[in-house]
Amino acid sequence: MATPPQQRSATATDQQRSTAALDPRRDATTTDPPQQPGATLIGSVQRAMRLLESVAGHGHGAPAKQLARETGLALPTAYHLLRTLVHEGYLRRDKGLFFLGEAAERLSSSGAQEKRRSTIVDALAHWRDLIGAPVYYAMYRDGEIEVLCVSDTPGSPAVEEWADFRETGHAHAIGQCLLAQLDEGVRRDHLDRYPVRSLTPYTVRDSQSLVRRLDRMRRTEQVVERQEYALGTVCAAIPITLGATAATMAISLPSHQADRLPAAARQLQTEVGRLLGSLALSISI
């Protein structure tokens with residue numbers, strides 16, 4: 001017996017649904033095609049990056065034809081991208097040759113700076129765990145005392161900066177160590193801007209007394225400070241002089257562990273001396 005048209009239509013629909021259910025490659029609720037890997041990548045950006053990498057490999061510059069050949073780009077495409085990169089400052093052109101521009105060099109220097117900082121951070125963390133005390137790294141830069149990195153733990157916390165380290169260099173080991181490395185004129189200028197003042201009963205009383213103390217210090221000598229900056233804390237700083245750079249590594253301990261300070265400072269000095277060669281390029285983070 002013939003099947004009515006309405007029944008034939010329903011049967012066909014049921015068959016389509018059954019086929020869809022049995023075929024895992026079909027999804028009745030999705031109409032968009034699947035996203036292909038890399039479909040969102042922008043080809044022009046990829047080509048521009050290849051050009052930048054190629055230019056970076058030529059310290060004395062390279063012409064467009066050579067860059068196009070090395071990157072596998074058509075010459076008109078290479079010219080267009082090179083002009084764009086020059087306009088944005090990532091490349092510069094001189095006598096037909098392309099070189100890295102200021103924008104690319106800034107990116108490179110930023111990456112190098114971060115690598116140098118990472119080297120210092122890792123070294124401080126190693127010394128912190130080895131010595132069992134917070135470790136500080138500081139420099140005298142542009143007329144200021146700058147504590148650039150501190151490595152401590154919850155069990156051995158760093159000294160709380162309750163008075164600005166930059167303004168109180170006369171009172172803490174870090175500042176005294178840096179001031180001792182400065183020329184007389186630079187030191188005098190610093191003390192004129194940041195006069196000596198008492199922070200605790202143990203702080204040096206006046207600039208004349210401080211200068212006499214600093215003049216007695218040898219450039220390689222440890223600087224020890226006991227409760228001059230903060231009551232309940234003793235500190236020692238190790239001078240690091242590289243050319244015109246005045247820098248220091250330091251440790252702090254609670255005053256009830258003051259008997260540990262000399263040995264801990266000597267250990268830090270030994271460790272710094274062992275790694276100073278490899279740290280020399282990282283010292284100006």
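The model is predicted: local features need pLDDT of at least 70, side-chain atom pairs count only at pLDDT 80 or more, and totals for chains, interfaces and linings use all residues. Residues are numbered from 1 along each chain as its sequence is written, and side-chain values use heavy atoms, with hydrogens and water left out.

Start by selecting Ile174, Leu178 and Tyr229, the residues with the most contacts inside the largest nonpolar core, which has 29 residues. Such a core is a set of buried Ala, Val, Leu, Ile, Met, Phe, Trp, Tyr and Cys residues joined through side-chain atoms within 4.5 Å; buried means under 20% relative accessible area, with a 1.4 Å probe and protein chains only. Helix H6 (173-180) is one of the elements that supply at least two residues each, and H6 gives the largest share, 6 residues. Helices are DSSP runs (H or I) of at least four residues, strands (E) of at least two, numbered from the N terminus.

Next, select Trp127, Tyr137, Ile238 and Ile251, which are among the 24 residues of another core, apart from the largest one.

Move to Thr200, in the loop between helix H7 (184-193) and H8. Thr200 counts as buried because its relative accessibility is 7%. Its side chain reaches the backbone oxygen of Gln227 at 2.6 Å. Beyond four places in sequence, the contacts of Thr200 (heavy atoms within 4.5 Å) include Arg205, Tyr229 and Leu231.

Finish with Ser156, Pro157, Ser252, Leu253 and Pro254, the closest to the centre of the largest pocket among its 15 lining residues.

Methods:
Buried < 20%, exposed > 50% of the residue type's maximum accessible area, 1.4 Å probe, protein only. 1 Å grid on protein atoms, 1.4 Å probe; cavity = no way out; pocket = protein on both sides within 12 Å on 5 of 7 lines; lining within 4 Å. Polar contact = N/O pair within 3.5 Å; in protein donor to acceptor, adjacent residues only side chain to side chain.
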